[in-house]
Amino acid sequence: MNLVGPVIMYAPAKINLALHVTGRRSDNYHLIDTLAVFARFGDRVTVAPAEQDRFTVTGAFAAGLPADESNLVMRALAALRKTFPDQTKQPVTLALEKNLPVASGLGGGSSDAAATLRGLATVWGLEVGEAEFASIGLTLGADLPMCLAGKPLVACGIGDVLSPVANFPALGLVLVNPGGAVSTAEIFGALTDRDNGALPPLPEKLDFHTLCNWLEMTRNDLEPPARTIQPDIAAALASLRKADAHFARMSGSGATC
């Protein structure tokens, strides 16, 4: 086996510009319609061959993250070894630089896992197609297919039915996190209405102004329960609007705005 490494993979923040909850399946997974984009900023995962497996976490938000098998980075390692047992025996070092707040509505853990899957596939020389990556990722979480795509997209279903959005305009974004972690499960549990309308169709020609006009017709259905649980979200949104933001909304399950 010809190993490659070290490999540095970026794990960008996922930002839900709009998020409609449209139902719930019998297995309690919620159905969503979301427009998601990815920032230039995020975490970083370094993968390298080693004499024994090792996982380290550094960065501004390392203290809030477990560095054990429960971390999505390690779960991604386990998932890939389960799928390709004969080709993944070589031990590896995984180093996560955690620059995104934990439980912040930016898909950080999922993006870390997606970066880990791609980095490990490169180091081990695995031939993995996009559909297989998405299938493996979905066993780790509903956000994984989106984060593996890493480009502007509309996601439906539980987040696994993806439609890339071509010619998406570059956006200047300010992300404000009030500093408190918000549990996604708690937010979904606090929803009072789970059967809402889908996203309206996107404009054929997208620019900054047509996008903002479209966003005004959409919602983040998780924002009302999140604001009840974490009142600082309202203060963050008020600060953005006071600073003349053209559009302000909470991302994902919060608390980042």
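The largest pocket of this predicted model has a volume of about 1,000 Å³, where a pocket is an open set of points on a 1 Å grid over the protein atoms alone, at which a 1.4 Å probe fits, with protein on both sides within 12 Å along at least five of seven lines. Of the 42 residues that line this pocket, G107, S110, D143, T184 and S253 are the closest to its centre, lining residues being those with an atom within 4 Å of a point. Because the model is predicted, local features need pLDDT of at least 70 and side-chain atom pairs count only at pLDDT 80 or more, while totals for chains, interfaces and linings use all residues. Residues are numbered from 1 along each chain as its sequence is written, and side-chain values use heavy atoms, with hydrogens and water left out.

**Pockets**

- The lining of the largest pocket draws at least two residues from each of β1 (7-24), β2 (30-49), α1 (72-83), α2 (108-124) and α5 (184-189), and α2 gives the most, with 4 residues; helices (H or I, at least four residues) and strands (E, at least two) are DSSP runs, numbered from the N terminus.
- By class, the lining of the largest pocket has 19 nonpolar, 17 polar and 6 charged residues, with Ala, Val, Leu, Ile, Met, Phe, Trp, Tyr, Cys and Pro counted as nonpolar, Asp, Glu, Lys and Arg as charged, and the others, Gly among them, as polar.
- The second largest pocket holds about 400 Å³ of space, and of the 23 residues that line it, the closest to its centre are G172, L173, V174, F247 and A248.
- For the lining of the second largest pocket, β1 and α6 (208-215) each supply at least two residues, α6 gives the most, with 4 residues, and the division by class is 17 nonpolar, 5 polar and 1 charged.

**Nonpolar cores**

- The largest nonpolar core has 58 residues, of which L80, L94, L117, L120, W124, L140 and L222 touch the most other members, and α2 gives the most to this core, with 8 residues; a nonpolar core is a set of buried Ala, Val, Leu, Ile, Met, Phe, Trp, Tyr and Cys residues joined through side-chain atoms within 4.5 Å.
- Leaving aside neighbours within four places in sequence, L120 is in contact (heavy atoms within 4.5 Å) with V47, L77, L80, V92 and L94.
- Another core, of 16 residues, lies apart from the largest one and includes L106, F168, L199 and L211.

**Salt bridges**

- The structure holds 9 salt bridges, each a side-chain nitrogen of Lys or Arg within 4 Å of a carboxyl oxygen of Asp or Glu.
- One of them joins the side chains of K14 and D143 (3.6 Å, N to O); K14 lies in strand β1 and D143 in the loop between α3 (130-138) and α4 (144-149), so the pair ties together parts that are 129 residues apart in sequence.
- K14 counts as buried at 2% relative accessibility, whereas D143 is partly exposed at 25%; buried means under 20% relative accessible area, exposed over 50%, and partly exposed in between (1.4 Å probe, protein chains only).
- D27 forms a salt bridge with R25, the closest N and O atoms being 2.7 Å apart, and D27 is partly exposed at 40%, as is R25 at 36%.
- R219 and D221 also meet through their side chains in a salt bridge (2.6 Å, N to O), in which R219 is partly exposed at 32% and D221 is buried at 10%.
- A network of salt bridges links D43, K98 and D112.

How values were computed. Points joined across faces, edges and corners; volume = space filled by probe spheres on them.
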